Amino acid sequence: FVLKAERKIKETKKISYGYGADYKYDSAEFTNNGSWSTPSAKGNVDNLGFFSNAGYRYSENTIFSLYARGDNHKTTGLNPTYKINLTQFIDKFKFSLTQSTGLRNPSLYELYGNNGRSDSYKHIANPDAKPEKSKTNEFKIKYFFSNNFFLENSFYRSSIEDALLYDSNFKGGSGYTNSKSNLNQDGIESNLTFKGKDQKFSIFN
């Protein structure tokens with residue numbers, strides 16, 4: 001169940017902003033007796049989030065934007081996230097520099113799941129699991145061959161702390177626990193896109 005409300009305001013040609021809130025309730029209860037591991041889960045979580053954003057156009061070719069959010073989760077408590085972006089247009093190029101943080105709260109199965117077995121392979125719920133938190137720096141270059149044909153390249157570096165990983169030695173069974181080491185990832189994404197009147201063709205790598 002999700003309830004969301006937001007408002008967007010364009011104050012002037014240079015300034016725009018918005019704000020809102022959302023509430024999400026998740027509940028699950030199941031038992032699969034036909035599986036060799038007899039998985040099951042029973043529990044519920046809710047999350048109340050507040051968010052706001054603002055954009056400022058310095059000139060026709062330069063835009064600065066900021067997004068901030070706070071989530072209050074049933075088991076992990078209050079956690080803030082943000083996204084800061086600077087975009088610059090130069091001739092047929094669009095340059096974009098972004099820093100953002102991310103949040104993934106544990107799922108219902110990670111918090112409350114259990115497979116009902118009595119041996120060392122049984123899944124054990126971890127209601128004390130902390131959320132995964134990430135930080136990403138990204139640089140994008142977009143070149144417009146025409147208004148309908150463009151190439152975009154993204155270069156990014158991410159770091160995830162408290163990653164929820166499966167541990168086969170968790171409390172005498174197996175379960176999801178937060179890693180003590182950060183997970184790091186570097187990557188490049190490329191996207192070549194053509195937009196027609198009634199169709200869109202993309203090659204992604």
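## A tour from core to pocket

Start by selecting Val 45, Leu 108, Leu 111, Ala 129 and Leu 164, the five residues of the largest nonpolar core. A nonpolar core is a set of buried Ala, Val, Leu, Ile, Met, Phe, Trp, Tyr and Cys residues joined through side-chain atoms within 4.5 Å; buried means under 20% relative accessible area, with a 1.4 Å probe and protein chains only. This is a predicted model, in which local features need pLDDT of at least 70 and side-chain atom pairs count only at pLDDT 80 or more, while totals for chains, interfaces and linings use all residues. Residues are numbered from 1 along each chain as its sequence is written, and side-chain values use heavy atoms, leaving out hydrogens and water.

Stay with Leu 164. Setting aside neighbours within four places in sequence, Leu 164 is in contact (heavy atoms within 4.5 Å) with residues including Arg 104, Pro 106, Ala 129 and Tyr 176.

Next, select Ser 100 in strand β6. Is Ser 100 buried or exposed? Ser 100 is buried, because its relative accessible area is 18%. Not counting residues up to four places away in sequence, Ser 100 touches Tyr 82, Lys 83, Ser 134, Lys 135 and Thr 136.

Finally, show Asn 47, Asp 71, Leu 103, Arg 104 and Asn 105, which lie nearest the centre of the largest pocket among its 21 lining residues. Strand β6 gives the most to this lining, with five residues. By type, the lining divides into six nonpolar, eight polar and seven charged residues.

Notes:
Buried < 20%, exposed > 50% of the residue type's maximum accessible area, 1.4 Å probe, protein only. 1 Å grid on protein atoms, 1.4 Å probe; cavity = no way out; pocket = protein on both sides within 12 Å on 5 of 7 lines; lining within 4 Å. Helix = DSSP H or I, 4+ residues; strand = E, 2+ residues; numbered from the N terminus. Nonpolar A, V, L, I, M, F, W, Y, C, P; charged D, E, K, R; others polar.
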